[in-house]
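Hello,

Here is the structure I promised to pass on. Please open it first, then read my notes below.

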Amino acid sequence: MTLPESGNGGPVRLDGPWTHRDVAANGARFHIAEMGDGPLVLLLHGFPQFWWTWRHQLPVLAEAGFRAVAMDLRGVGGSDRTPRGYDPANLALDVTGVIRSLGEPDAALVGHDLGGYLAWTAAVMRPKLVRRLVVSSMPHPRRWRSAMLSDLSQSRAGSHIWGFQRPWLPERQLVADDAALVGELIRDWSGPQPRPDSDEEAIDVYRRAMLVPSTAHCSIEPYRWMVRSLARPDGIQFNRRMKRPVRVPTLHLHGSLDPVMRTRSAAGSGEYVEAPYRWRLFDGLGHFPHEEDPVAFSTELVNWLKDPEPDR
């Protein structure tokens with residue numbers, strides 16, 4: 001199969017009501033798509049995606065009075081592919097560095113999957129730069145670690161992460177047959193409800209983005225660190241550091257049919273939050289609630305961001 005050609009913006013800088021540009025932060029260059037004016041809302045994508053996963057939320061947030069910015073994480077999309085720097089502490093510094101580079105005093109962080117893991121981390125490491133925290137489809141890092149090591153069902157659900165520990169083969173599998181595996185993962189991890197846009201058209205976009213040279217390797221590197229560091233001093237130190245409580249209002253969103261991160265694994269992350277914490281479970285949705293039902297997700301997100309006193 002040959003994928004259709006992208007638009008004028010190439011496989012990453014896709015056309016839309018947003019604008020594209022690059023910003024420098026933490027020793028690297030990061031691509032962002034932005035819309036609107038107001039308090040900054042910084043959106044962080046997960047695997048196997050890039051900034052475009054937030055295409056539904058960008059205009060909604062802008063219309064609601066926010067400066068909505070979706071960034072490509074290090075090594076993905078239009079951002080720099082550096083030879084190292086894919087541990088969560090450094091990736092979180094990328095995120096907070098982008099906040100500073102945008103000239104903002106702080107941001108509401110919205111993270112999905114790996115982006116959620118980094119959002120949790122940034123809120124602990126640089127609390128003064130995080131105004132509010134929204135995490136989708138990802139437990140707190142300490143909760144993730146515990147579930148992957150002690151819950152056999154979660155360990156099986158996250159089997160792709162164990163598979164990523166092999167050298168070279170995972171990268172080759174991701175790009176084989178025009179990145180067909182990317183499409184398989186997105187289909188398998190989604191819930192049964194039809195999406196508002198064509199599944200196949202959206203999947204083709206993600207496949208093209210994965211085929212950009214070095215993207216597959218860089219996408220996998222954070223997961224390699226997360227597993228290989230479990231017994232290493234740097235991983236133990238990171239896990240100890242994440243004992244510090246999150247002290248900003250937190251909204252935790254999850255699909256009830258998420259096959260990758262089980263509800264039982266994500267629930268309970270509130271024990272690490274010493275601030276208003278709200279848990280919202282979307283019935284019938286899988287691992288990508290912001291794409292599977294963007295109206296419900298965006299409504300929940302905007303209402304919470306505009307609530308002056310989000311309670312428990």
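How many helices and strands does the secondary structure of the chain come to? The count is 13 helices and eight strands. Keep in mind that this is a predicted model.

Start with the overall shape. The C-alpha trace spans about 50 × 45 × 40 Å along its principal axes. A compact globule of 312 residues would have a radius of gyration near 20 Å, and the chain has 18 Å, so the two agree.

Next, look at how the chain packs. Of its 312 residues, 60% count as buried. Take the contacts between residues at least 6 apart in sequence: 76% of them join residues at least 24 apart.

Now go inside. In soluble globular proteins, nonpolar side chains tend to be buried together. Here, the largest nonpolar core has 100 residues. L42, F50 and W51 have the most contacts inside that core. Helix α3, residues 114-125, gives the most to this core, with nine residues.

Leaving out residues up to four places away in sequence, F50 touches P11, V12, L14, H45, D72, V76, G77, V205, Y206 and A209.

The chain exposes about 12,400 Å². Carbon and sulfur atoms supply 51% of that area. The chain has 37 positive and 37 negative charges. Their mean positions are 9 Å apart.

Best wishes

Conventions
Residues numbered from 1 in each chain as written. Predicted model: local features only at pLDDT ≥ 70, side-chain atom pairs only at ≥ 80, totals over all residues. Heavy atoms only, no water. Core = buried A, V, L, I, M, F, W, Y, C linked by side-chain atoms within 4.5 Å. Buried < 20%, exposed > 50% of the residue type's maximum accessible area, 1.4 Å probe, protein only. Helix = DSSP H or I, 4+ residues; strand = E, 2+ residues; numbered from the N terminus. Contact = heavy atoms within 4.5 Å. Rg over C-alpha atoms; globule rule 2.2 N^0.38 Å. Areas by Shrake-Rupley, 256 points an atom, 1.4 Å probe, with all protein chains shown as cover. Lys, Arg positive; Asp, Glu negative; His and termini not counted. Charge placed at Lys NZ, Arg CZ, Asp CG, Glu CD.
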